[in-house]
Amino acid sequence: MVRLEHVTLRAGATILVNDVSLDVAGGSWCTIIGPNGAGKTSLVAAVAGLRPLSRGAVSIDGQRLDELPERARARLVAYVPQHPEIPAGMTVEEYVALGRVAFHGVMRAPAARDREAVTGVLERLELHGFRHRDGSSLSGGERQRMVLARTLAQATKVVVLDEPITGLDVRHQMDILELLKKEVAECGLTVIATLHDLTLAGLFTDRLVLLHRGEVVLDGSAYDVIRSSELAACYGTTLRVVNVDGNDVVVPVRGDTRR
Amino acid sequence: MVIIAVATVATLVVAVILGLVIGPTSISAQRILGDALSHLGIGHSTLASTQSSVVWQLRAPRMVLGLLAGAMLAVAGGTYQGVFRNPLADPYLLGVAAGAGLGATFAIVDIANAATIPTWTPLLAFAGAMVAVTLTWVIGGRSMRSTTSTLVLAGVAVSALFTSAQTFLQQQSSAQSIANVYIWLLGSLANASWHSVLIVLPYVVVCATVCVLAGRALDVMSVGDDEARSLGLSVRSVRLLVVAASSLGTAAIVSAVGLIGFVGIIVPHIVRLLVGTSYRRILPISVVFGAAFLVLADTVARTVMAPSELPLGVVTAVIGAPVFVLILSVRRMGNS
């Protein structure tokens with residue numbers, strides 16, 4: 001279980017995240033939603049243990065992240081930023097193998113089990129045919145799949161993703177989210193992500209947390225949160241929920257922008 | 001990769017042979033080998049004692065110091081390019097050159113109108129280099145959230161400060177002192193001796209080893225600081241270690257041979273074009289290729305206008321730039 005206790009983040013005098021407390025059950029998917037500047041990116045970076053907290057604590061299965069060395073933390077939680085950097089010239093296989101650094105360290109070559117883990121993930125995500133390609137030359141969808149492969153190679157219980165479908169077309173968005181859903185369902189992975197697309201957030205997620213100005217405004221099931229009046233108020237626009245073949249679709253409505 | 005490694009080692013062997021054989025007194029490689037074996041009690045030497053002295057007291061220490069300088073500058077350049085994720089980074093980025101320049105100038109202008117460069121110049125150059133890098137780290141690297149760009153900017157500021165102090169000292173000194181400062185600044189292996197080799201050897205061995213061993217960590221750091229940390233790397237510790245090793249090794253070399261430009265930036269780039277972007281391959285090959293490159297450049301520097309010598313930095317640029325352009329063109333043709 002991932003536990004956030006009174007997490008507060010500041011940048012100088014500005015409060016980015018204010019007193020956020022959450023419990024995310026193991027093997028579930030929690031998505032943080034909210035308008036630009038709500039503090040989503042800062043919050044997920046803190047959940048990954050990458051930001052020093054001004055107050056509070058983040059722990060995974062009872063272990064406080066700020067008390068762990070980097071390698072131990074990297075075995076508990078993996079992180080994908082909004083714009084992952086793909087070094088030019090690094091092959092897909094080399095990039096995915098970076099996910100095993102926490103296991104073999106930087107002074108030793110990958111062991112047989114590390115190579116097996118990389119091969120397994122490449123096959124699972126249908127990237128084996130690309131393994132010798134330059135990762136920076138892949139298309140957006142293939143590239144994001146490669147980043148996900150590196151994250152899964154890290155073999156953590158928890159994965160934190162900041163806007164994992166930014167810049168992808170609809171098919172590739174669905175593709176990436178389906179992959180994650182499968183990992184949650186079949187492998188018990190815990191996913192904490194941020195998403196801007198409210199429809200996809202509602203379709204794939206067990207739980208939505210609405211963040212606004214650094215504070216949790218609403219925390220509940222996707223069904224409840226996307227129908228709430230607080231959602232439209234936070235985004236400052238009118239939103240309607242339309243059900244299409246059993247799927248809730250969140251639609252913005254023109255001409256009634258709230259301030 | 002294996003072919004390139006073998007070719008690089010072969011280039012090193014050729015450079016070593018040329019470094020010993022070529023000079024005003026022509027001595028064949030076979031006779032030098034015979035003399036070397038005779039010192040081990042195998043066979044008889046055909047070299048006169050003066051020829052033996054030329055080879056083992058003049059050319060050999062010069063060649064070995066060239067190997068050490070080339071290896072250290074090349075691996076430090078490659079390491080800096082990795083740790084700062086900046087292809088324009090060179091070993092002088094954090095103020096080593098400016099610090100060493102100020103230290104050397106201080107030593108040289110201390111004796112006005114001296115005909116030669118004082119013997120304690122390397123010591124003050126080394127001290128100046130270390131003071132400059134430490135100052136850069138204290139200013140730019142003390143914050144936990146400091147970025148590489150903060151460190152680079154601190155290096156620019158410290159370099160500017162030390163260079164202006166050096167310029168002031170030069171302005172206050174005699175024409176002879178200024179000439180001596182420039183002779184030192186342009187870099188040369190002419191004053192090499194076994195003594196200078198023994199002084200820099202431990203620095204180069206330790207620092208170059210640390211840099212080469214950091215190759216895998218630099219590969220991880222190529223995805224950015226946050227991602228590298230999320231992958232389990234202690235980014236700040238690795239950065240401190242490799243910057244310290246690169247700077248210390250470079251300071252030791254600069255104090256012994258002056259400022260030799262271009263090797264630290266061009267050699268890792270040539271190697272990158274040949275072996276790809278992984279620092280696990282770039283750094284060890286840069287050690288060997290940098291060593292060979294500088295010995296070849298020095299052989300050209302001391303023979304092309306003999307008996308006078310060309311500044312070594314000029315030769316490294318004149319040889320290195322066309323080689324780099326050639327490899328770049330071949331690669332582009334290969335990719336198209």
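Q: Which residue takes a positive phi in the hairpin of β1(A) and β2(A)?
A: The hairpin of β1(A) and β2(A) has 2 residues between its strands, where strands (E, at least two residues) and helices (H or I, at least four) are DSSP runs numbered from the N terminus. This is a predicted model, in which local features need pLDDT of at least 70, side-chain atom pairs count only at pLDDT 80 or more, and totals for chains, interfaces and linings use all residues. Residues are numbered from 1 along each chain as its sequence is written, while chains are lettered from A and ligands numbered from 1 in the order in which they are written. In this hairpin a positive phi near 65° is taken by Gly12(A).

Q: How many bridges join β1(A) to β2(A)?
A: Two strands are said to pair if DSSP finds at least two bridges between them. Strand β1 (residues 2–11) of chain A and strand β2 (residues 14–24) of chain A run antiparallel, and Leu9(A) stands opposite Val17(A) in β2(A). The number of bridges joining β1(A) to β2(A) is 7.

Q: Which residue of β4(A) stands opposite Thr8(A)?
A: β1(A) also pairs in the antiparallel sense with strand β4 (residues 55–60) of chain A, over 5 bridges. In β4(A), the residue opposite Thr8(A) is Arg55(A).

Q: Which element gives the most to the side of chain A that touches chain B?
A: Residues count as in contact if their C-beta atoms, placed from the backbone, lie within 7 Å, and 21 residues of chain A are in contact with 18 residues of chain B. The elements that give two or more residues to this side of chain A are α2 (70–74), β6 (77–80) and α4 (101–104) of chain A. With 3 residues, the element that gives the most is α2(A).

Q: At what angle do helices α1(B) and α3(B) pack?
A: Axes are lines fitted to C-alpha atoms, for helices over the stretch in contact, and angles run from 0 to 180 degrees between N-to-C directions. Helix α1 (residues 2–21) of chain B and helix α3 (residues 49–83) of chain B have their axes 9 Å apart, and the contact includes Val16(B) of α1(B) and Met63(B) of α3(B). The two helices pack at an angle of about 145°.

Q: Which element of chain B has the highest mean pLDDT?
A: pLDDT is the predictor's confidence in each residue, from 0 to 100, and its mean over chain B is 86, with 94% of the residues reaching 70 or more. Among the elements of chain B, helix α14 (residues 312–335) has the lowest mean, 77. The highest mean, 95, belongs to residues 215–221 of chain B, helix α9.

Definitions and conventions: Two residues are in contact if their C-beta atoms, placed from the backbone, lie within 7 Å.
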